[in-house]
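Work through the exercises below with the structure open beside you, and try each task before reading its solution.

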Amino acid sequence: MRLGRTIPLAWRNLTEHKLRLLASIAGVAFATTLMFMENGFRKAILDSMVNVIERIDGQVVIVSRTLYTLSVPFSFPYERIVQARGVEGVASSSPLYTVTRSSYWRNPETRQEERICVVGYPPEDDLLDVPELKESRELWSRPNTAMADERSRERQFGVFRAGQVSELAGRRFEIVGTFSLGINVQTNGNMVVSDRNMMAAFPELDGPSLLDRKVQVGVLRTEPGVDPRRVRDAAAALLPPDVRALTLDEFIARERDFWDKVAPIGTVFYIGVVMGFIVGCVICYQVLYSDVSDRLPEFATLKAIGYSNLALYRVVLTQALYLALMGYAAGLVVSVFLFRWVNHLTGLPMDVPRNNPYLILALAVLMCLGSGAYAARRLISADPAQLFA
């Protein structure tokens, strides 16, 4: 039996009962949507945890040797920033300060204090590649001023706008503009201030002298044409052992790996994808097994006139493939709307392109083909003589 003949038969089997077909597609779409959402949450959370790091405009960073995630920012003395300027291939070095656990902004409407991530650096250094910050550097260079992330959660902070005045860490601050960055699961908003305002708001970062300031990330810019890995190695050899030198790509990968492999976030959502796959397998098996059982006399007739078990297997597997493609298409459409809805509610970066749609397609096809192959085992034991006895 040629494949060209199996396709029309498989299609007719699948579409004969329209309501059953719609229920089958809905079942596969549910499993596909579940895998999309679980994987989407995982990717969105991982991407959100590195959204600040990815905007760093530099090629090499230095961090504390004890740092394992920027959300728990261990520090090192500013003196290492100065020493890094003597590393061969370094054009400049600048400090980047972050506070995530002791930084609170008072909502001007509710008067409630809400925790917010605060990033500070010298405005003239343009350490974050965010156009709004570069264009407004003169505004937030002034004392007691800040730029706020417009994608911060309104429920906690209200709507940030220029001219708004409230308190950051108990000190009066004015919002002089907004930028677009995005939140993460640790904090619901972001602010950027100058290094001077950072020291004023968080005196615990300051020290007896400039060299004693507590820095969370040192940003090194390399000279044109210099390999960042060479600068990384040179910095590691020159600087004291209390700091670690990494390329920016290594720093991003290290942060992402922590949340994906060390923290439970990655594991939880991996389990969710696996559960979606298992649910889909069960649904597909039930659909295809019922169809094979209902059509056993017809399949027995085909065996009686000479069709092989392999040919009948191909019919069932083709049905499974059609079911996978239609269920995937329906699940994809539903997932697009759900991604937009979740992004609107939470600010997490959820969309289809960053969600490995081809991986989900492969899982949907594997899910249906595997279930179809298992459901089609009954065809082998079907005896035409017994069926028509």
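The exercises that follow concern aromatic pairs and a surface patch in this predicted model.

**Exercise 1.** Determine how the rings of F36 and F339 are arranged, and which parts of the chain the pair ties together.

*Solution.* The structure holds 11 aromatic pairs, and in the pair of F36 and F339 the ring centres are 6.4 Å apart, with the planes at 80 degrees. Because planes over 60 degrees apart count as edge-to-face, the pair of F36 and F339 is edge-to-face. Next, locate the two residues: F36 belongs to helix α2 (residues 18-49), whereas F339 belongs to helix α13 (residues 309-346), so the pair ties together parts that are 303 residues apart in sequence. Finally, consider accessibility: F36 is buried, at 0% relative accessibility, and F339 is buried as well, with a relative accessible area of 2%.

**Exercise 2.** Classify the pair formed by Y68 and F74, and state which aromatic cluster these residues belong to.

*Solution.* The ring centres of Y68 and F74 are 6.0 Å apart and their planes stand at 55 degrees, so this pair is tilted. Turning to accessibility, Y68 is partly exposed at 39%, and F74 is partly exposed at 35%. Together with F258 and W259, Y68 and F74 form one aromatic cluster.

**Exercise 3.** Which residues form a nonpolar patch on the surface with I278, and is I278 itself buried or partly exposed?

*Solution.* The patch consists of I271, V274, M275, I278 and V282, which together have about 430 Å² of accessible area. Within it, I278 lies in helix α11 (residues 264-294), and its relative accessible area of 41% makes I278 partly exposed.

Conventions. Residues numbered from 1 in each chain as written. Predicted model: local features only at pLDDT ≥ 70, side-chain atom pairs only at ≥ 80, totals over all residues. Heavy atoms only, no water. Phe/Tyr/Trp six-rings, centres within 6.5 Å; stacked < 30°, edge-to-face > 60°. Helix = DSSP H or I, 4+ residues; strand = E, 2+ residues; numbered from the N terminus. Buried < 20%, exposed > 50% of the residue type's maximum accessible area, 1.4 Å probe, protein only. Patch = residues over 30% accessible without salt bridge, like charges linked within 9 Å, V, L, I, M, F, W, Y side chains within 5 Å. Areas by Shrake-Rupley, 256 points an atom, 1.4 Å probe, with all protein chains shown as cover. Salt bridge = Lys/Arg side-chain N within 4 Å of Asp/Glu carboxyl O.
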